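Welcome! Please take a slow look at the model below, and then let us walk through it together.

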Amino acid sequence: QSPVDMLFEALSRNRSNLYVVGDVKQSIYRFRKASPAIFMNLKRNLQKYDRDIHPSQITLDTNFRSREGIDKVTNYIFKSIMSENIGDIDYNDDEKMTFGADYYPTKDTPDSEIMCIKCDNLKSAECTEIEAEAIAKYIYECVNKRNPKIQVTRKDKNGDFYQRDIEYGDFCILLRSVKKTAHVYIDALKKLNIPCSSSAEVN
């Protein structure tokens, strides 16, 4: 038992009034020097909540932020690569995301696309440049060259769904380290005259 775990136990009267929330699948905890093992040990020793068992665990598995196709692809990839040996958690039916969003279903456009970028035997900075150029080209082609145009589903002021052609403002690039790499992606986008902004420019 770690010193931190012992402290939690003492402050919570031997866990009689302890409430813990966590998601070990998020690697952000490691960046903050946290110990996911504390949460996982608790989870392994708790039964499923049934309104009577206490203490117990409740799995919050419903995703309200993504389309169903994104949930399916994410579940497929994570189930294929994530285990207790790799990622500290077995990505089984208890861990997978369940679609719960109220999104209008897409017709011809897939919810997800996977693009593999090869940069074997290259330095990290070189790989970042190759990736940035590939993403910039992908965004440019989605907006300007695809026929028929990709349709984006939106809601109007009355709450009704409508569709329009995709625009540059519909894209968002998520980065692990914005401060270190954002400028590379900005340069790649600007080379193709794609308007862009970054949180790194604001800070």
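Where is the place of proline 148? Proline 148 sits in the loop between α5 and β5. The peptide bond that leads from asparagine 147 into proline 148 is cis, with omega near 5 degrees.

Before we go on, a word about how to read the values. Residues are numbered from 1 along each chain as its sequence is written, and side-chain values use heavy atoms, with hydrogens and water left out. This is a predicted model, in which local features need pLDDT of at least 70 and side-chain atom pairs count only at pLDDT 80 or more, while totals for chains, interfaces and linings use all residues.

Aspartate 5 belongs to helix α1 (residues 3-11). With a relative accessible area of 10%, aspartate 5 is buried; here buried means under 20% relative accessible area, exposed means over 50%, and partly exposed lies in between (1.4 Å probe, protein chains only). Aspartate 5 touches Arg15 and Ile38, leaving aside residues up to four places away in sequence, where contact means heavy atoms within 4.5 Å. Between aspartate 5 and alanine 37 there are 32 residues of separation in sequence, and their C-alpha atoms are 9.8 Å apart in space.

Further along comes arginine 51, in the loop between β1 (47-48) and β2 (56-57). Its phi is near 80 degrees, a positive value in a residue other than glycine. Arginine 51 is exposed, with a relative accessible area of 72%.

Now turn to helix α4. It has 14 residues and reaches 20 Å from its first C-alpha to its last, close to the 20 Å expected at 1.5 Å a residue; the expected span is 1.5 Å times one less than the number of residues. Gly69, Asp71, Thr74 and Asn75 are buried in α4, and the buried residues of this helix pack against β3 (62-63) and β4.

The structure holds 1 aromatic pair. The ring centres of phenylalanine 78 and tyrosine 91 are 5.5 Å apart and their planes stand at 90 degrees, so the pair is edge-to-face. Rings of Phe, Tyr and Trp (its six-membered ring) pair if their centres lie within 6.5 Å, and planes under 30 degrees apart count as stacked, over 60 as edge-to-face and the rest as tilted. Phenylalanine 78 lies in helix α4 (residues 68-81) and tyrosine 91 in the loop between α4 and β4 (98-99), so the pair ties together parts that are 13 residues apart in sequence. Phenylalanine 78 is partly exposed at 30% relative accessibility, whereas tyrosine 91 is buried at 2%.

What about the cysteines? The structure holds 0 disulfides, a disulfide being a pair of cysteine sulfur atoms within 2.5 Å. The sulfur of cysteine 116 has its closest cysteine sulfur in cysteine 119, 11 Å away, which is too far for a bond. Cysteine 172 is in no disulfide either, as the nearest cysteine sulfur, that of cysteine 196, is 12 Å away. Cysteine 116 is exposed at 73% relative accessibility, and cysteine 172 is exposed at 64%.

Strands β5 (residues 151-155) and β6 (residues 161-165) run antiparallel and are joined by 5 bridges; two strands pair if DSSP finds at least two bridges between them. Threonine 153 has glutamine 163 as its bridge partner in β6. There are 5 residues between the two strands, and glycine 159 in the turn has a positive phi of about 85 degrees.

Our last stop is helix α6 (residues 178-191). At 1.5 Å a residue its 14 residues should span 20 Å, and the end C-alpha atoms are 19 Å apart, which agrees. Its buried residues include Val184, Tyr185, Ala188 and Leu189. These belong to the largest nonpolar core, which has 9 residues, among them Ala132, Ile135 and Ile194. The elements that give two or more residues to this core are α5 (124-144) and α6. A nonpolar core is a set of buried Ala, Val, Leu, Ile, Met, Phe, Trp, Tyr and Cys residues joined through side-chain atoms within 4.5 Å.

Key. Helix = DSSP H or I, 4+ residues; strand = E, 2+ residues; numbered from the N terminus.
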